[in-house]
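Biologist: Before we discuss this model, could you show me the sequence and the coordinates? I would then like to ask what stands behind each term you use.

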Amino acid sequence: MEETRLLRGLRAVRRYAARPVAEDALRDILETARWTGSAKNTQPWELVVVRDRATLDQLATLGQYAGHLAGAPLGLALVLAGPGAAFDEGRLAQTLMLAAWAHGVGSCIASLYPEANQQRARDLLGVPAGRTLRTVIALGYPADAAATRLSAAPPGVRAAVPVGRRPLEELVSWERYGRHQP
């Protein structure tokens, strides 16, 4: 359906063109993120826009699946009010990624772990104590058409991506778990 094509078209992009993300696109992405829903409208997040190459290179070393940050024009660090905001963090991440995709900007989540790496990231970005930083989203225009394909991780970057999608009939139960027909 036309109304949901953008949602179904979102792909993780791990290889980026060298050009910077347009400032008006970035502002719109950030403004769209501001409107993300949260539990009781607490909006338990702040964002740190990271464009500095050396900082992105350092962040890229702080998680098993963070290496693509080294090639991204920018990263958005998701700073949460505390560890209890994981559901809202996911909502924010998805909104950021879809808003970016609407502008033709690719994205991919970089998960920072273990805790020692999260602390290094907080120190690197000056995040105060009591705040949580587990996720940085890489943003950039796809390097080429192949960069939007499922197997398009750059050399040396781990990407545990299953191919395709499970069929709806396997994914949805009706009225009771395991009843796959309405």
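Modeller: A place to start is the pairing of β1 and β2, which run in the antiparallel sense over six bridges. Please keep in mind that this is a predicted model.

Biologist: What makes β1 and β2 a pair of strands?

Modeller: Two strands pair if at least two bridges are found between them, and β1 and β2 have six bridges, in the antiparallel sense. Within this pairing, Glu46 stands opposite Val79 in β2.

Biologist: Which bridges join β2 and strand β4, and in what sense do they pair?

Modeller: Strand β4, residues 132–140, pairs with β2 in the antiparallel sense over seven bridges, and here Leu78 stands opposite Thr135 in β4.

Biologist: Why is β2 called largely enclosed?

Modeller: Buried means under 20% relative accessible area, and seven of the seven residues of β2 are buried, so the strand is largely enclosed by the rest of the structure. Both of its faces are covered, with Leu74, Leu76, Leu78 and Leu80 buried on one side and Gly75, Ala77 and Val79 buried on the other. In a regular strand the side chains alternate between the two faces of the sheet.

Biologist: Turning to α2, how do you know that its length agrees with that of a helix?

Modeller: Helix α2 comprises twelve residues, 23–34, which at 1.5 Å a residue should span 16 Å, and its end C-alpha atoms are 17 Å apart, so the two values agree.

Biologist: Which residues of α2 are buried, and why do you say that they line one face?

Modeller: The buried residues of α2 are Ala25, Leu26, Ile29 and Ala33. Seen down the axis of α2, its buried residues fall within an arc of 100°, so they line one face of the helix. An α-helix has 3.6 residues a turn, so residues three or four places apart point the same way. On the other side of α2, Asp24 and Arg27 are exposed, while what covers the buried residues of α2 includes β1, β2 and α4.

Biologist: What makes the phi of Lys40 worth a remark?

Modeller: Lys40, in the loop between α2 and β1, has a positive phi of about 55° although it is not a glycine. Most residues other than glycine have a negative phi, and most peptide bonds are trans. Gln43, which lies in the loop between α2 and β1, also has a positive phi, of about 45°, although it is not a glycine.

Biologist: Why is Lys40 called exposed, and why is Gln43 called partly exposed?

Modeller: Exposed means over 50% relative accessible area, and Lys40 has 83% relative accessibility, so it counts as exposed. Gln43 has a relative accessible area of 36%, which lies between the cut-offs of 20% and 50%, so Gln43 is partly exposed.

Biologist: Where is the cis peptide bond, and how do you know that it is cis?

Modeller: The cis peptide bond joins Tyr113 and Pro114, where omega is about 0°, and Pro114 lies in the loop between β3 and α5.

Biologist: Why does Asn117 count as buried, and what makes a polar contact with its side chain?

Modeller: Asn117 is found in helix α5 and has 11% relative accessibility, which is under 20%, so it counts as buried. Its side chain makes a polar contact with the side chain of Arg120 at 2.4 Å, a value within the 3.5 Å cut-off. Leaving aside residues up to four places away in sequence, Asn117 touches Thr61, Leu62 and Gly63.

Biologist: What makes the pair of Arg51 and Glu23 a polar contact?

Modeller: The side chains of Arg51 and Glu23 make a polar contact at 2.8 Å, again within the 3.5 Å cut-off. Arg51 has its place in the loop between β1 and α3, and at 42% relative accessibility, between 20% and 50%, it counts as partly exposed. Not counting residues up to four places away in sequence, Arg51 touches Glu23, Leu26, Leu56, Pro73 and Leu74.

Biologist: Finally, which residues have the most contacts inside the largest nonpolar core?

Modeller: This core has 46 residues, and those with the most contacts inside it are Leu69, Leu96, Leu133 and Val136. Helix α4 gives the most to this core, with eight residues.

Notes. Residues numbered from 1 in each chain as written. Predicted model: local features only at pLDDT ≥ 70, side-chain atom pairs only at ≥ 80, totals over all residues. Heavy atoms only, no water. Helix = DSSP H or I, 4+ residues; strand = E, 2+ residues; numbered from the N terminus. Expected span 1.5 Å × (residues − 1). Buried < 20%, exposed > 50% of the residue type's maximum accessible area, 1.4 Å probe, protein only. Arc of directions from axis to C-beta. Contact = heavy atoms within 4.5 Å. Core = buried A, V, L, I, M, F, W, Y, C linked by side-chain atoms within 4.5 Å. Polar contact = N/O pair within 3.5 Å; in protein donor to acceptor, adjacent residues only side chain to side chain.
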